[in-house]
Amino acid sequence: MSAFLKLHDQDNVALALDDLPAGAEVHGVRVQEPIPAGHKVALVPLEPGAPIRKYAQIIGFASTAIAPGTHVHTHNCDVQTFSRDYAFGSEAQGLQRIEPPATFDGFLRADGRAGTRNFIAVLTSVNCSATVAKAIAAQFSDAQVQAEFPNVDGVVAFTHGTGCGQNIKGEGLALLRRVLSGYATHPNVAGALVVGLGCEVNQIPDFLKAEGLKAGPGLRTLVIQESGGTRKTVEEGVALVREMLQEANQCQRQPLPASYLTLALQCGGSDAYSGITANPALGAASDLLVRHGGTTVLSETPEIYGAEHLLTRRAASEDVGRKLIERIHWWEEYTARHGGEMDNNPSPGNKAGGLTTILEKSLGAVAKGGRSDLADVALYAERLRTHGFIFMDSPGYDPVSITGQVASGCNVVCFTTGRGSVYGCKPAPSLKLATNTPMFQRLFEDMDLNCGEVLEGVSVEKMGERIFQLILETASGKRTRSEQFGFGDYEFLPWQIGAVM
């Protein structure tokens, strides 16, 4: 294997695949200083202000003169504003379906969707009822539930830090209610109990009305102040959950087409290998699932910033493309209003892994979306309206982003990572895809697949097929590494937006 990689003929930097010592040669250029693995080396002289290109795209501009063979990173590369051609829909190709579609064994729900898991959820209207919700769920360990109710995966409490101190007509409360509704009615949730305190802004009756929900056998509610306090509410909640467990256990898996799958595309703890191994391989799997009739959801708006033009060109219509640009403009205004900027990213871990600017990170992140047409753009936690490849607006913070994707209906998560994220997500199983072999070997117990093999000769397409098959197996009940460790009880994190009053 070569020790370096030039990704495109138009690039003026190469990627070190291993630590490059001073004196090594890269495309006829002598390396002037040690280059860490995953970092970039200049191939030509770059004057101050010159664009730096990787993936045949601009990832930044030289902030000082850069000599050939020297390290290109945060000390000599920064972000500047430059124009992009959005060319709405110019590269849309339509859809070639695969028939017959692949199948998996899932739980068919009454609303026409399908679950890959079968949970009972205990939700809270407000942080003040979090302890009670946790106490209810704590009465049902996963082992106990699965022994007594073999078709049920467990009981999980989804608690959060808000629900009061919000504008009652504001965006923050509306967003929280979308998330809670999405989890209460999620296809991986057979029944839900919503627990409130009683005096909060997010009153349960108002929440149900706003989201078009009605209490019934599969959606129960409790209010601490009306039930007689903590102990009585916990006792009543335990009784209600037990009733729902008996009903949920009647559900059984059955063969279903892959069109019932909605896959969350996610990356975290990214490194310079993400954009050339795991992310494009996940993109290939995403394309396969879309061709089989399924849906895939890319998110993290700040982490497509600078690469949005690659998505607008694939938009199914100009209206869809412009919806994406509207979200980009919203984020520019939002970050400026709070004294930030869109290049307040990559994280320290990303930078240590070789990512220099948000533009470079975004170009790699967009690869998770494959090449399928962009069918729609959804708001955070918004119920999806169509099949195919969709973008959902969200922050780049992984737990917040995935909470929104799951609330929108995603029933499986694929999470690429280069530095080594150990994230897991109930009620949706989360597959961890490693971008490089050394990290996969180091965190073997937490990783589900080593996409670092792409650097060792496995094609992106073949790795994408492996991911697609693993998605089907996982959707059919195969437990992920994060599920084996019990992740998912603390990763529920709705986006908090707006003033806390």
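Colleague: What is the accessible surface of the protein chain, and how much of it belongs to carbon and sulfur atoms?

Modeller: The model is predicted, and every value here is computed from it. The accessible surface of the protein chain comes to about 19,700 Å². Carbon and sulfur atoms hold 50% of that area.

Colleague: How many of the residues count as buried?

Modeller: A residue counts as buried when its relative accessible area is under 20%. In the protein chain, 58% of the 501 residues count as buried.

Colleague: What would the radius of gyration of a compact globule be with 501 residues, and what does the protein chain have?

Modeller: A compact globule with 501 residues would have a radius of gyration near 23 Å. The protein chain has 24 Å, which agrees. Taken along the principal axes, the C-alpha atoms fill a box of roughly 75 × 50 × 40 Å.

Colleague: How many helices and strands are there?

Modeller: The protein chain has 15 helices and 23 strands. Take the contacts between residues at least 6 apart in sequence: 71% of them join residues at least 24 apart.

Colleague: Now charges. How many positive and negative side chains are there, and where do the centres of the two sets lie?

Modeller: There are 43 positive and 54 negative side chains. The centres of these two sets lie 3 Å apart.

Colleague: How many salt bridges does the count come to?

Modeller: A salt bridge needs a side-chain nitrogen of Lys or Arg within 4 Å of a carboxyl oxygen of Asp or Glu. By that rule the count comes to 22.

Colleague: Which residue forms a salt bridge with Asp111?

Modeller: Arg383 does, with the closest N and O atoms 3.8 Å apart. Asp111 lies in the loop between strands E10 and E11, and Arg383 in the loop between strands E19 and E20, so the pair ties together parts that are 272 residues apart in sequence. Asp111 counts as partly exposed, at 42% relative accessibility. Arg383 counts as partly exposed too, at 46%.

Colleague: Lys426 and Asp142 also meet in a salt bridge. Where in the chain do Lys426 and Asp142 lie?

Modeller: The N to O distance of this salt bridge between Lys426 and Asp142 is 3.4 Å. Lys426 lies in the loop between strands E21 and E22, while Asp142 is in helix H2, and the two are 284 residues apart.

Colleague: Is Lys426 buried or exposed?

Modeller: Lys426 counts as buried because its relative accessibility is 10%, and the cut-off for buried is under 20%. Asp142 has a relative accessible area of 28%, so Asp142 is partly exposed.

Colleague: Which residues are linked in a network of salt bridges?

Modeller: Lys323, Asp376, Glu382 and Arg385 are linked in this way.

Colleague: One last residue. Where does Tyr397 lie, and is Tyr397 buried or exposed?

Modeller: Tyr397 lies in the loop between E20 and helix H12. With a relative accessible area of 51%, Tyr397 is exposed, the cut-off for exposed being over 50%. Sequence and space can be read side by side here. Tyr397 and Glu303 are 94 residues apart in sequence, and their C-alpha atoms are 9.6 Å apart in space.

Methods: Residues numbered from 1 in each chain as written. Predicted model: local features only at pLDDT ≥ 70, side-chain atom pairs only at ≥ 80, totals over all residues. Heavy atoms only, no water. Helix = DSSP H or I, 4+ residues; strand = E, 2+ residues; numbered from the N terminus. Rg over C-alpha atoms; globule rule 2.2 N^0.38 Å. Buried < 20%, exposed > 50% of the residue type's maximum accessible area, 1.4 Å probe, protein only. Contact = heavy atoms within 4.5 Å. Areas by Shrake-Rupley, 256 points an atom, 1.4 Å probe, with all protein chains shown as cover. Lys, Arg positive; Asp, Glu negative; His and termini not counted. Charge placed at Lys NZ, Arg CZ, Asp CG, Glu CD.
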